[in-house]
Amino acid sequence: GLPAGQIGSTANFFELGGHSLLIIQMLARLQSAGLRVDAHSVFASATLGDLAARIEQTHEVHYVAPPNAIPAGCTRIEPAMLPLVDLTQDEIDAIVAMVPGGAGNVQDIYPLAPLQEGVLFHHLMHEEHDPYVLPLLLSVEGEARRDAFLAALQATVARHDVLRTAVLTRGLARPVQLVLREAVLPVEELALDPAEDAQVQLQRRLEARVRMDLSSAPLLRASMAQDPDSARWYLLLHLHHIVCDHIGMEIIQHELHAHLAGQGHLLAPAQPYREFVAHALHQAGQRDAEAFFHATLGDVDEPTAPFQLLDVHGDGGTIEQASRMLDDTLASRIRAMARRQRVSPAVLFHAAWALVVSACSGRDDVVFGTVLSGRLQGTRGAEAMMGMFINTLPLRLRLDGRDAVQLVSDVDTALRALLPYEQTSLARAQACSALPSGTPLFSAVLNYRHTALSEGDVEDEMSVLGARERTNYPFAVSVNDFGQAFSLDAQVDRSVEAARVLAYVEAATESLLQALE
């Protein structure tokens, strides 16, 4: 990037290397300076001068969520104390009866965000296990470090409402999330077989599919096991996706590092997830998502299914993974071309993915899922908020008769148009197509994400030995943007071969760049 003094009003945000993560940070800084603008305006402004003019013309009143009305030490919770949810006294009493510590331990009750409802749907569908439990395997040396790590994890739970949250469905007209004032991290000690390598045994547990009871907070579990041959302790964490996304995992990692370094007291106050939930529900009432998705998907009457892979309700059991780094030269060319086209690199990868999906499904009018950050709707503090924000929504592109420049322009326009609706539930969007109910609209997904922290950040106290992300989509690729370098992760049905799909993505990106150059 250029020094601020060399950036003038005629500069373009994307030509300077701007992207969605920087937009989230910029919106936060503008908010703290008392200025308001939406993400859509950032994408639509040709120059920084145009953006400044839009900010001056914005007189939008910022939505403020009604405050939590449960007083501390409350012995009976009544409907009027819960401004975000409509519950009867009987329903509230039934919820409170399930809470360890009773009404005094209830901090808040409110609905699920639309995207959390999608995760809950998959959880309820898979009675044995579900694809949304995220496991992480770590190791530390000695009991003192083990205890310090578990204390840091408990401190993180204490800081964030969403890590003290349970999701309740039984006996309720609509699911709700219940926030406890205090929730103790459950820690189980595992006995390892001394006849087999300890890490191999733990790796097997990392791979194993598990199910978590969503009605019991925190939706984070820890298991620990000592290596029979050394002072090393293994720690296996399971966290449910309904309360955490990729940025949330990075926030947890950052905070663990701070606590272990004795700097936990320096962390900024945690932002409550209820603000986002209230904001998302308010916006859903303000925007006509049905009209938008009817206009974009109304005439789609066939699914887009690479290699005829159509099972989008699987539990991830037939998925294989592969990863690769893109070489530095290709990464540099992608960034240079993104600046030249005045788009973010995400747009170029979406265009390349459209080419892959088209070739593998034999269609030139394709629909695939794109994973949206969910943090671009202007919720105050969203950039540092723990919780489930990301959402997968359909992106439709027509490739017939388009050259490379037109394709990139179409992708940029389509992604921008999707932004105001990034909190719409996928089920609601899919219902606007001409497909019969129950037929999936797409089975391919692209997840473009910025990875701000490396695992090495906490290696002074602990080693990250493995993590596993799961998907219920049979043809999924994640692009990891490290600021300079890029890596690709594929999660693909084993009938296709994940490494082969990564080769397709790289080849499509190369040919797109050549055409643009």
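Is Q308 buried or exposed? At 66% relative accessibility, Q308 counts as exposed, where exposed means over 50% relative accessible area, buried means under 20%, and partly exposed lies in between (1.4 Å probe, protein chains only).

## What you are looking at

This is a predicted model, in which local features need pLDDT of at least 70 and side-chain atom pairs count only at pLDDT 80 or more, while totals for chains, interfaces and linings use all residues. Residues are numbered from 1 along each chain as its sequence is written, and side-chain values use heavy atoms, with hydrogens and water left out.

The protein chain has 15 helices and 14 strands. Both kinds of element are DSSP runs numbered from the N terminus: helices are H or I with at least four residues, and strands are E with at least two. Of the 517 residues in the chain, 54% are buried. Among contacts (heavy atoms within 4.5 Å) with a separation of 6 or more, 77% are between residues 24 or more positions apart.

## Helix 12 against helix 15

Two packed helices are described by the angle between their axes and the distance between the axes. Here, axes are lines fitted to C-alpha atoms, for helices over the stretch in contact, and angles run from 0 to 180 degrees between N-to-C directions. Helix 12 (residues 345-361) and helix 15 (residues 498-516) have axes that come within 8 Å and cross at roughly 120°. That makes helix 12 oblique to helix 15. On this scale, angles under 35 degrees count as roughly parallel, over 145 as roughly antiparallel, 65 to 115 as roughly perpendicular and the rest as oblique.

Nonpolar covers Ala, Val, Leu, Ile, Met, Phe, Trp, Tyr, Cys and Pro; charged covers Asp, Glu, Lys and Arg; the others, Gly among them, are polar.

## Where helix 13 comes in

Helix 13 (residues 404-418) packs with helix 15 at an angle of about 115°, the axes being 8 Å apart. That makes helix 13 roughly perpendicular to helix 15. A404, V405, L407 and V408 of helix 13 make the contact with L512, A515 and L516 of helix 15. Its residues are seven nonpolar, no polar and no charged.

Helix 13 also has a crossing with helix 12: their axes come within 9 Å at roughly 110°. That makes helix 12 roughly perpendicular to helix 13. Residues V347, L348, H350, A351 and L355 in helix 12 meet L407, V408, V411, D412 and L415 in helix 13. This contact divides into eight nonpolar, one polar and one charged.

Let's visit a few single residues. N480 sits in strand 13 (residues 475-481) and is buried, with a relative accessible area of 5%. Its side chain has a polar contact of 2.7 Å with that of R449 and another of 2.9 Å with that of D489. A polar contact is a pair of N or O atoms within 3.5 Å; within protein, one must be able to donate a hydrogen and the other to accept it, and residues adjacent in sequence count only if both atoms are side-chain atoms.

L168, in strand 3 (residues 165-168), is buried at 4% relative accessible area. The C-alpha atoms of L168 and I95 are 8.1 Å apart, although 73 residues separate them along the chain. L435 lies in the loop between helix 14 (426-430) and strand 11 (444-450) and is buried at 11%. L435 and E302 are 133 residues apart in sequence and 6.4 Å apart in space, C-alpha to C-alpha.

Most residues other than glycine have a negative phi, and most peptide bonds are trans. Q308, in the loop between helix 10 (289-297) and strand 8 (319-325), has a positive phi near 60°. R342 also has a positive phi, of about 60°; R342 is partly exposed at 35% relative accessibility. Finally, a cis peptide bond joins A217 and P218, with omega about 0°.
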